[in-house]
Amino acid sequence: MPEKPKLAIYWAASCGGCEIAVVNLHEKILDVDAAFEFMFCPCLLDTKKKDIEALPDKSIAITLFNGAIRTAENEEMARLLRKKSQLLIALGSCACEGCILGLANLHSKQEIFKAVYLDNPTIDNPAGTIPSPASEVPEGTLTIPAFYDKVKTLGQVTAVDYFIPGCPPESHQIWNVVEAVVSGAQLPPAGSVLGAGCLSVCDECERVKEDKKIARFYRNFEITPEPRKCLLEQGLLCMGIATRDGCGAPCPQANMPCTGCYGPPEGITDQGARMIAALGSILDIGDCKGKSEEEIAARVEALLDSVPDYAGTFYKYSLPGSIIGGRVKR
Amino acid sequence: MKIGVYFCNCGTNIADRIDGGKVREYLEPSGRMSYFKTCPFLCSEDGKVFLEQDLKDEKPDRIVIAACSPREHEATFMRVMGQAGMNPYLMQMVNIREQIAWVTEDPEKAVKKTSVAINAALKRVELHEMLEKQELEVSPAVLVIGAGPAGLKAALTLAEAGRRVTLVEKSPVIGGLPVLFEELFPNMECGPCMLEPVMAEILHGEHAENIELLTMAELTEVAGYFGNFEVKIRQRPRYVDIHQCIGCGECFEPCPVSGTNPFNNDMDEKKAIGFTFMGALPNAPYLDPTLCTRFTEGSDCSACSAACPMGEGVIVFDDQEQIIERQVGSIILATGSTLYDCSRFDNLGYGRLPDVKTALEFERILASNGPTAGEVVTSTGEQPGSVAFIHCVGSLDDDHKPYCSGICCQYAFKYNHLLESKLTDTKILHLYKEIVSPGKEEYALHRAARDNHNATFIRYDRISDLAVTGENDGQKIRLPDGNSINADMVVLCPAVVPTADTEKLGAMLDVSLDRFGFFEELHGRMDSARSKIRGVYLSGACQAPADIQKATSQGMAASGFILSELVEGRKIELDPLFASVYPEKCAGCKVCMRVCPYRAIHFDEENSVSVVNGVLCHGCGTCVAACPMGAIKANHFTNEMILAEIEGALK
């Protein structure tokens with residue numbers, strides 16, 4: 001029997017949700033197993049880094065790499081797997097664009113350590129120890145991977161062949177990609193997004209879209225949305241208009257506004273900026289003719305105040321991969 | 001790609017501050033520029049000849065012109081390019097005069113800035129596309145809505161220029177409000193007499209055949225856009241054949257029923273068949289089916305028809321409503337105004353006290369064809385010993401209408417003048433917040449009122465400072481100082497407001513309304529006769545409170561726009577700088593539709609994509625910025641061009 005192509009799934013800074021999405025293939029996982037030698041997955045298998053290092057270059061057919069690049073180890077593994085893989089595929093929002101942990105880019109490494117290891121009320125740390133790449137102890141020097149200043153996307157540290165967006169990617173879309181690779185179908189040019197559409201979530205959302213004019217935003221708990229009308233038009237901050245489709249719009253169709261996990265639509269580099277530009281055009285502060293500047297400013301302020309969290313809303317998944325990338329320190 | 005740069009010295013304007021030679025040295029290493037040429041005055045005749053010849057010789061693919069503001073000479077250079085056989089959109093202009101030479105002290109910095117700006121243009125111009133103006137067939141016909149002074153003058157002006165005009169009037173009579181007024185400020189001319197020549201021209205004049213007058217008609221549907229509107233007009237039955245009727249009035253007398261006459265503000269009665277008032281044009285009565293027993297009771301009365309000296313068939317009992325469809329290239333809104341509802345002021349007693357009248361009612365009382373044949377009498381038939389005019393009712397008032405209507409003082413002083421001659425002993429009281437009488441003729445009536453020894457002027461601050469109550473022998477008005485004064489008749493001069501149909505028409509035509517409910521003009525000073533919708537023009541008091549002079553001028557202004565913008569036999573040129581939707585990228589979220597100020601975007605339900613109408617689009621780019629998909633392209637301002645320009649400026 002000829003040797004099956006090798007498949008690896010690696011997690012860097014990640015939550016494990018992408019692995020669950022893979023497992024959610026259910027019985028199709030057997031087809032994956034039939035087609036591939038599933039040989040590396042720290043979450044499920046006992047293969048070690050040294051086993052990978054021992055492989056000849058390009059001997060892994062596909063590596064599905066999930067998780068963002070938060071530490072030196074993440075980057076080291078990304079580079080190693082790049083070297084050993086024919087196809088390196090970014091799986092999920094973290095690898096593609098940095099995802100929720102990318103919001104850490106609004107803070108410095110020092111601020112994060114202070115919050116986690118010093119100010120955290122459930123931590124007892126009288127010595128004020130914070131992680132350091134090298135710590136001297138009586139037994140010698142202890143080393144751990146360095147914690148980077150900024151969260152990076154996989155594409156920011158190594159060349160990536162394809163991107164499968166989503167937090168996590170929908171299982172059927174992972175299958176679509178696996179199936180395409182297995183079938184030997186002609187794959188799109190390197191750098192393309194796979195397992196997703198080319199439009200926005202609105203294209204898949206069956207809610208009726210009419211006049212977009214938003215006088216204020218509501219948090220999800222504040223209103224029960226009308227079931228057939230566009231959520232954004234009802235004042236729920238649905239990111240669907242600025243989010244790539246492919247998920248099937250399960251959230252808006254279950255009365256939950258899209259939070260944008262499939263990232264920017266095709267050809268858009270900055271999802272948050274796009275959303276803000278679109279909202280800027282449809283927010284309604286009423287007729288301002290003859291109103292004083294102060295009153296107009298107050299109305300704008302009041303409307304913007306109904307947006308709970310700018311970065312966490314507009315850049316929930318995409319801050320490291322966006323044009324701004326995070327907070328800039330001077 | 002061969003890209004040439006033309007650097008204009010603008011005499012010393014640019015050359016004094018920016019050294020073209022140094023700019024050239026700075027730019028050469030990038031390799032983007034194929035040649036760099038300097039010209040002393042590129043916009044001069046010599047400069048244009050040089051540019052044209054040079055473009056023919058060099059045959060560049062793209063050019064960058066570093067000179068003045070594109071607002072000044074972009075069109076000039078584009079024309080030269082066209083003459084040289086080059087697509088004029090393959091050029092990018094860089095404003096190095098206003099934005100650099102005039103504002104940069106240090107020549108070194110000026111050279112650097114200029115180089116950066118030209119480099120940005122070089123990066124951008126590479127991406128420029130050949131754009132062509134497109135042409136569209138148009139209908140020269142015009143729809144005018146409203147046959148008051150503004151609409152009449154517009155229709156006549158256009159008809160005289162040979163345009164086919166459909167003039168739609170809601171009521172059975174033309175002439176608008178002033179035709180109801182016996183005399184007009186400022187020169188005490190007779191309203192109907194002044195309008196008569198215009199109305200006669202409309203009805204029977206040399207160019208009358210160009211005008212289709214539809215009375216008792218309203219616009220019900222509009223489709224299409226500038227140059228090609230398809231309109232539907234509903235005309236209610238008049239029951240009188242307007243062409244056969246000679247207007248003799250023989251039919252009125254035999255008619256057995258009557259009702260109140262709305263044209264005299266219900267202050268008198270008229271028969272079921274009759275004129276709105278004597279002298280009304282078109283010179284034919286109309287039959288009111290809400291009064292005529294044939295319609296109310298199903299009777300077979302034909303008294304009017306039997307009395308008609310022109311025979312049977314002039315009165316048409318089975319006349320039907322008609323839907324009239326027309327194609328027009330442009331529409332003039334001239335729907336006029338009305339008065340603010342005085343019954344909102346409980347303290348003024350309007351509607352409760354019989355001798356509290358509005359200005360419109362008082363005009364009819366003054367009119368010789370009005371309910372009292374021009375006799376000024378109270379509800380008891382007596383001549384009033386005192387008449388109070390309350391100015392500014394609902395005007396200059398944040399709770400009602402914050403503006404000054406501008407005409408009320410004028411007509412109140414006209415009333416003063418008329419009363420002075422009709423009732424020499426009657427006391428006159430003017431209660432006012434402010435008095436305005438600007439204009440070269442308007443002060444005369446004001447001064448005459450001031451000189452009238454029977455007249456008293458009292459100023460008040462708020463309308464609530466006044467209270468009108470009924471007394472046995474008339475009205476008592478409580479004044480701001482707490483004193484009271486008697487008035488046998490009180491005339492309210494309320495704010496001028498848009499007519500009730502304004503909102504409906506605005507929605508039908510997508511013409512926006514201002515915060516007072518008037519049709520909103522394109523620009524308050526420069527373009528008050530144009531709406532924001534291309535091809536829809538505004539005339540008269542539907543745009544803002546207006547006197548007759550302003551209304552007629554605006555009617556003619558709108559006609560002028562139409563005559564210059566839609567010329568018979570000339571197609572309209574479409575500027576290629578419009579937006580277009582990539583249908584394959586549109587997800588149908590409809591964000592763009594709301595943001596378009598020109599209503600140029602509609603939704604193709606079948607394909608679930610937005611579509612921009614290139615005729616209506618002004619190329620403002622608002623939808624381009626709003627589209628979360630980046631699915632809308634603005635010709636000549638694509639995202640790629642803008643990013644390339646930014647990159648060129650930064651790198």
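How far apart do the C-alpha centres of domain 1 of chain A and domain 2 of chain A lie? In this predicted model, the two centres lie 32 Å apart.

**View 1. The two domains of chain A and the area between them.** Domain 1 of chain A covers residues 6-100 + 150-193, while domain 2 of chain A covers residues 201-314. Where these domains meet, 11 residues of domain 1 are in contact with 9 residues of domain 2, and about 650 Å² is buried between them, with carbon and sulfur atoms giving 51% of that area. On the side of domain 1, the residues that lose the most area to domain 2 are Glu97(A), Pro165(A) and Glu170(A), which together account for 50% of what that side buries. The count of salt bridges between the two domains is 0.

**View 2. The interface of chain A with chain B.** Here 23 residues of chain A are in contact with 23 residues of chain B, and the area buried between the chains is about 1800 Å², of which 54% comes from carbon and sulfur atoms. Within chain A, Leu199(A), Arg274(A) and Lys289(A) lose the most area to chain B, together making up 30% of what that side buries. The count between the two chains is 1 salt bridge, and Asp211(A) forms a salt bridge with Arg594(B), with 2.8 Å between the closest N and O atoms.

**View 3. A nonpolar surface patch on chain B.** Phe637(B), Ile642(B), Leu643(B), Ile646(B) and Leu650(B) make this patch of about 510 Å². One of these residues, Ile646(B), is found in helix 17 of chain B, which spans residues 639-650; Ile646(B) counts as partly exposed because its relative accessibility is 43%, a value between the limits of 20% and 50%.

Technical notes
Residues numbered from 1 in each chain as written. Chains lettered and ligands numbered in written order. Predicted model: local features only at pLDDT ≥ 70, side-chain atom pairs only at ≥ 80, totals over all residues. Heavy atoms only, no water. Patch = residues over 30% accessible without salt bridge, like charges linked within 9 Å, V, L, I, M, F, W, Y side chains within 5 Å. Areas by Shrake-Rupley, 256 points an atom, 1.4 Å probe, with all protein chains shown as cover. Salt bridge = Lys/Arg side-chain N within 4 Å of Asp/Glu carboxyl O. Helix = DSSP H or I, 4+ residues; strand = E, 2+ residues; numbered from the N terminus. Buried < 20%, exposed > 50% of the residue type's maximum accessible area, 1.4 Å probe, protein only. Domains from an automatic or database assignment. Contact = heavy atoms within 4.5 Å. Buried area = accessible area lost by both parts, 1.4 Å probe.
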